[in-house]
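Me: Hi, I'm new to this one and would like a quick tour. Could you walk me through it?

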Amino acid sequence: NFTLDLLLIVLLLSVVCLGVSSQQITDSQRLFSIAVNRVTHLHLLAQRLFSDFESSLQTEEQRQLNKIFLQDFCNSDYIISPIDKHETQRSSVLKLLSISYRLVESWEFPSRSLSGGSSLRNQISPRLSELKTGILLLIRANQDEAENYPDSDALQHAPYGNYYQSLGGNESLRQTYELLACFKKDMHKVETYLTVAKCRLSPEANCTL
């Protein structure tokens, strides 16, 4: 029966396509898990470096530096990103990945100037490089959306806040505080964006922040 044979062929193709799709989702979930683990570790390193530096300051120094930082800008402020958790949840997976890529790449040079123990600081640059590579793989795996993944050669970053500018008598202290605070802030952003994007692969999951 021709009709029955046709139905069987369609059913077989559907099963094959479902299997391929399921494999792609499984691979993406694995890559996402690795990326989330890496950025979580980087965020913990950032918190540790910032806490260690803060503990070395006098109370008044902490207060003044925190006041200055709240009025200043991080390099990430030049990278368009969701303004709150609601916009984050509405953003596409590819958009969250692209923003994460830009944030991570923007730290490749400044991360070399982070202060703190050498054992902690020496872990950061290679981990940023690994994370950037992983995010790029995820971006390429999600190219079905009508957006372009970022070209690392095409990205241009503004100077890191006031990092290259003269900051007066406490220039070194302020630079260090600003750099560590921004690094912690940006790693938290990337951790949030990758966690939400990963959650999207599980339709039954609650991705509420």
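Me: Let's start with Cys74: does it count as buried or exposed, and why?

Reply: Cys74 counts as buried, because its relative accessibility is 1%. Buried means under 20% relative accessible area, exposed means over 50%, and partly exposed is in between, with a 1.4 Å probe and protein chains only. Do keep in mind that this is a predicted model, where local features need pLDDT of at least 70, side-chain atom pairs count only at pLDDT 80 or more, and totals for chains, interfaces and linings use all residues. Residues are numbered from 1 along each chain as its sequence is written, and side-chain values use heavy atoms, leaving out hydrogens and water.

Me: Thanks! Which residue does Cys74 form a disulfide with?

Reply: Its partner is Cys182, and the two sulfur atoms are 2.0 Å apart; the cut-off for a disulfide is a pair of cysteine sulfur atoms within 2.5 Å. The count by this rule is 1 disulfide. With -85° about the S-S bond, the link between Cys74 and Cys182 is left-handed.

Me: And where do the two cysteines of that pair sit?

Reply: Cys74 is in the loop between α2 (59-71) and α3 (85-90), while Cys182 is in helix α6, so the pair links distant parts of the chain, 108 residues apart. Helices here are DSSP runs (H or I, at least four residues), as are strands (E, at least two), numbered from the N terminus. Cys182 is buried too, with a relative accessible area of 0%.

Me: New topic: how many aromatic pairs are there?

Reply: There are 2. In one of them, the ring centres of Trp107 and Phe183 are 4.9 Å apart with planes at 65°, so that pair is edge-to-face. Rings of Phe, Tyr and Trp (its six-membered ring) pair if their centres lie within 6.5 Å, and planes under 30 degrees apart are stacked, over 60 edge-to-face, the rest tilted.

Me: What does that pair tie together?

Reply: Trp107 is in the loop between α4 (93-105) and α5 (118-141) and Phe183 is in helix α6 (residues 171-199), so the pair ties together parts 76 residues apart in sequence. Both Trp107 and Phe183 are buried.

Me: Which residues touch the most other members of the largest nonpolar core?

Reply: Leu131, Phe183 and Leu194 do, out of 45 residues in that core. A nonpolar core is a set of buried Ala, Val, Leu, Ile, Met, Phe, Trp, Tyr and Cys residues joined through side-chain atoms within 4.5 Å. The largest share, 12 residues, comes from α6.
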